[in-house]
Amino acid sequence: MSLKELSMGLDSLWVMVATILVIGMQAGFALLETGSTRMKNSGHVAGKQILSFAVASIAFWAVGFAVTFGQGNRFIGTEGWFLKEGKDTFASLDWANVPLSLKFLFQLAFVGVSLAIAWGGFAERAKLSVYVIFGTIFTMVIYPVIGHWVWGGGWLGSMGMQDFAGSTVVHLQGAIAALVATILLGPRIGKFNKDKTPNIIPGHNQVYTVIGGLILWVGWFGFNAGSTMGTTDGFFGYVALTTNLAAAAGAVSAILTAKILTGKADIPAMVNGVLAALVAITAACAFIEPWAAVVIGAVAGSFTFWTSVYFEGKGIDDPVCAFSVHGIAGVIGTISTGFFASPRLVEITGIGKAGLFYGGGFDQLIVQTVGVLGAAVYVAVVSFVVLFILKKTIGLRVTAEQEISGLDISEHGSYGYPEQLDPAYMNAANLKVTKASSH
């Protein structure tokens, strides 16, 4: 076996492992979102993760991957439909020393994460059909366009935008779509009083929330370190280091912020702090020094709690804080390299310029800001148009009666916890217990 063949084998194995880790994040989202919402919607919230990833798999294979990475112009890819490979069709990915099939699977895992983020804004009141329709459109014409701009040879990539693993491409996109959906759907029944003050609607299982957060933390090593798509220089280990430091700082800063602002060491706030820090470090992980990773993670974790309280006070019902965790933190992370990008790491990656704090001036900061604004505007406009059309045609939201009874029973015909919510099941179970005790 030649050295080249050995290198390709090791790189391919690493990318396959990273792909499994990122796809495994769907389990993390399922537990996190299920635990953060009410028991009557638990089966629906968890089950839609499988449905949406299945929809994304087919749509990305048919259209999305070509739009993202296919040869085209500065705005969209126009070649490579149904993963058909030709000469230089996917030249934007030639730097990765792995087969096309693995490049596709790894990038598909990212789309699945972005779509999972978007669903946070739909939670507990959207129709199941909307998930299928919007998920297909998101995977074909929303996510891939920004992906092409940054990673597929588009105009932001040519400017030197630094978004190593997708604070903007993956997380901000999903968060913007979630925010648009949240606004168009309106708040859940009972969330706000007549005077517009919010009521707390607690999730039904904090243990699920914590386990989901831990699964996502582990999966992020595939997300960020896997984006090196190689093993030979060991750089993936450095990316994993900055990723972990940021997450740790986010956990501590978030729970401290919650304690200061509310007097309580809020567990869900701590989990969201971890996720916000991971979102923020996703863009910066390959460009910044370890000390900067701690700073970025701490800022993102703290801001996430504060902004979640702020948006709730403004009448926005975001059940899992998707916009604060993935949107605000995505902006923080993307902008951060304009300040913290280290010259030695910029040289290693070959992307962009050093940040302001290293004497690089405002050049990289301007590029990062333009990238955030450009992506946010495109995703917001297209998401609004698509969801507004759906609202005026098939409708976005279930009926009030269906929402009150729960999406498990109204959309799927059975509860995720039938022994606790289904009267027929509960009565039968109680009767058996009564008979058994009488004997």
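User: Glutamate 289: does it count as buried or exposed, and what makes it so?

Analyst: Glutamate 289 has 14% relative accessibility, so it counts as buried. The cut-offs are these: buried means under 20% relative accessible area, exposed means over 50%, and partly exposed is in between, using a 1.4 Å probe and protein chains only. Before we go on, please note that this is a predicted model, where local features need pLDDT of at least 70 and side-chain atom pairs count only at pLDDT 80 or more, while totals for chains, interfaces and linings use all residues. Residues are numbered from 1 along each chain as its sequence is written, and side-chain values use heavy atoms, with hydrogens and water left out.

User: What makes the meeting of arginine 344 and glutamate 289 a salt bridge?

Analyst: The N to O distance between their side chains is 2.8 Å. A salt bridge is a side-chain nitrogen of Lys or Arg within 4 Å of a carboxyl oxygen of Asp or Glu, so the pair qualifies. Arginine 344 itself, at 41% relative accessibility, counts as partly exposed.

User: Why is this pair said to tie parts together?

Analyst: Arginine 344 sits in helix α12 (residues 343-349) and glutamate 289 in the loop between α9 (267-284) and α10, so the pair ties together parts that are 55 residues apart in sequence. Helices here are DSSP runs (H or I, at least four residues), and strands are runs of E with at least two, numbered from the N terminus.

User: How many salt bridges does the rule give?

Analyst: The count comes to eight. One of them joins arginine 188 to glutamate 124, with the closest N and O atoms 2.4 Å apart. Arginine 188 is in the loop between α6 (167-185) and α7 (206-224) and glutamate 124 in the loop between α3 (100-119) and α4 (128-151), so this pair ties together parts that are 64 residues apart in sequence. Arginine 188 has 4% relative accessibility and counts as buried; glutamate 124 has 0% and also counts as buried. Another bridge is the one between arginine 397 and glutamate 403, at 2.8 Å from N to O. Arginine 397 is partly exposed at 24%, while glutamate 403 is buried at 3%.

User: Which residues do salt bridges with shared partners join into one network?

Analyst: That network consists of Arg38, Glu124, Arg188 and Asp317.

User: How do you know that aspartate 318 has no salt bridge?

Analyst: The nearest side chain of opposite charge belongs to arginine 125, and it is 6.8 Å away. Lys and Arg count as positive and Asp and Glu as negative, with His and the chain ends not counted. The limit is 4 Å, so buried aspartate 318 has no salt bridge.

User: Which backbone nitrogens does the side chain of aspartate 318 reach?

Analyst: From its place in the loop between α10 (290-313) and α11 (322-340), the side chain of aspartate 318 reaches the backbone nitrogen of alanine 322 at 2.9 Å and that of phenylalanine 323 at 2.8 Å.

User: Why is the pair of tryptophan 119 and phenylalanine 122 called edge-to-face?

Analyst: Let's look at the search first: it finds 30 aromatic pairs in the whole structure. For tryptophan 119 and phenylalanine 122, the values are 4.9 Å centre to centre and 80° between the planes. Rings of Phe, Tyr and Trp (its six-membered ring) pair if their centres lie within 6.5 Å; planes under 30 degrees apart are stacked, over 60 edge-to-face and the rest tilted, so this pair is edge-to-face. Tryptophan 119 is buried, with a relative accessible area of 0%, and phenylalanine 122 is buried with 1%.

User: Which residues touch the most other members of the largest nonpolar core?

Analyst: Of its 112 residues, Phe110, Phe122, Phe134, Phe223 and Leu387 do. A nonpolar core is a set of buried Ala, Val, Leu, Ile, Met, Phe, Trp, Tyr and Cys residues joined through side-chain atoms within 4.5 Å. Helix α3 gives the most to this core, with 14 residues.

Notes. Polar contact = N/O pair within 3.5 Å; in protein donor to acceptor, adjacent residues only side chain to side chain.
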